[in-house]
Amino acid sequence: MSAPVPDSDGAPAAAQAALGAEHAAVWCCGLATAFLPASAAQPLADAALAHRQRRDALVARLEASGEQPVPAAAAYATPRPVTDAASAAALLVTAEDDVAGAWRALLERTDDRDLRTTGVEAMTAATTVGRRWRILAGVTPTVPSLPGSAPA
Amino acid sequence: MPHLSRRSFVVLTAGVATLGAAGCARDDRPDELEAPWTAARADAALATAAAGAFPDAAARLTPVADARRTHAEALAIEIRRARPDRAEVLDAPPPAVGNPSSAADAVAALTRSLGAARDAGAALAVTTARYRAGLVASVAASCAGWAEALAS
């Protein structure tokens, strides 16, 4: 049983945005499997599973509050063409950064402890998993100083 | 209009006095962000000192110093905004940093400290005020990423 998303100060809209970011991250992980080296297969599968679990948790909570959860898109426009391991990793960096930003916004709109806990875990995973993708994409620093903030 | 007996007046007055005392006591307590601010500043100082003393490790340690300095600055801005009365604490000169005996010792100490900051921050992000939850979670996530970077 899932508690509803608290109906206060934009929390439902922020939860929908977090759900949208998780949908997009699941899709990006699927696309990236075709391009990443075999050594990244397990971490990528783990990351995809974590995104699906948070997606499902958000869907359950939104439905419990009588909200219609936003659906996944059939496909997403990638900021840059994905043609090799580096560009696939760069797409994953974007997806993880979007997840961190969406959960950060939700954290700032709810006192619900479960949602807060999930949000901190999501931001932490986006940062540690994102470090792996930043290394593959050749991006430094490999860890953002303030994950979930708009890029300076 | 109800009449207060002398006795209830005394009780009421005592209650107000207690409230007043509690209010003062609360104002003297440190801001809850002072502990993460102190930790961030200490890590930045240690990473900076170690990067200077051991040039071979500078490439690993300098980004950690930069991130922890950014954390300390962001936390200090929020403490100053919420608690102008704590400016004295923020403006006091930082404690001196002992020179680390080796790069490996400094990396090990920073890895431990970043792990502790990650855990303390993740807990505080669940309980703190909404407008602080995002910042605290963001700092915790960054510490998680740098702890992994140093441990690997």
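Biologist: How many helices and how many strands make up the secondary structure of chain B?

Modeller: In this predicted model, the secondary structure of chain B comes to six helices and zero strands, and reading along the sequence gives the pattern α-α-α-α-α-α.

Biologist: Why is H3(A) called largely enclosed by the rest of the structure?

Modeller: A residue counts as buried if 20 or more other C-beta atoms lie within 10 Å of its own, and 19 of the 23 residues of H3(A) are buried, so the helix is largely enclosed. For chain B, buried residues make up 37% of its 152 residues.

Biologist: Which elements of chain B have the lowest and the highest mean pLDDT?

Modeller: Helix H1 (residues 6-28) of chain B has the lowest mean pLDDT, at 46, whereas helix H5 (residues 103-127) of chain B has the highest, at 98. Over residues 6-25 of chain B, pLDDT stays under 50, and the model has one contact beyond four places in sequence for this stretch.

Biologist: What ipTM and pTM does the predictor give the complex?

Modeller: The complex is given an ipTM of 0.94 and a pTM of 0.89.

Conventions
Residues are numbered from 1 along each chain as its sequence is written. Chains are lettered from A and ligands numbered from 1 in the order in which they are written. This is a predicted model: local features need pLDDT of at least 70, side-chain atom pairs count only at pLDDT 80 or more; totals for chains, interfaces and linings use all residues. pLDDT is the predictor's confidence in each residue, from 0 to 100. Helices (H or I, at least four residues) and strands (E, at least two) are DSSP runs, numbered from the N terminus. Two residues are in contact if their C-beta atoms, placed from the backbone, lie within 7 Å. A residue is buried if 20 or more other C-beta atoms lie within 10 Å of its own, exposed if 12 or fewer, and partly exposed in between; C-beta atoms are placed from the backbone.
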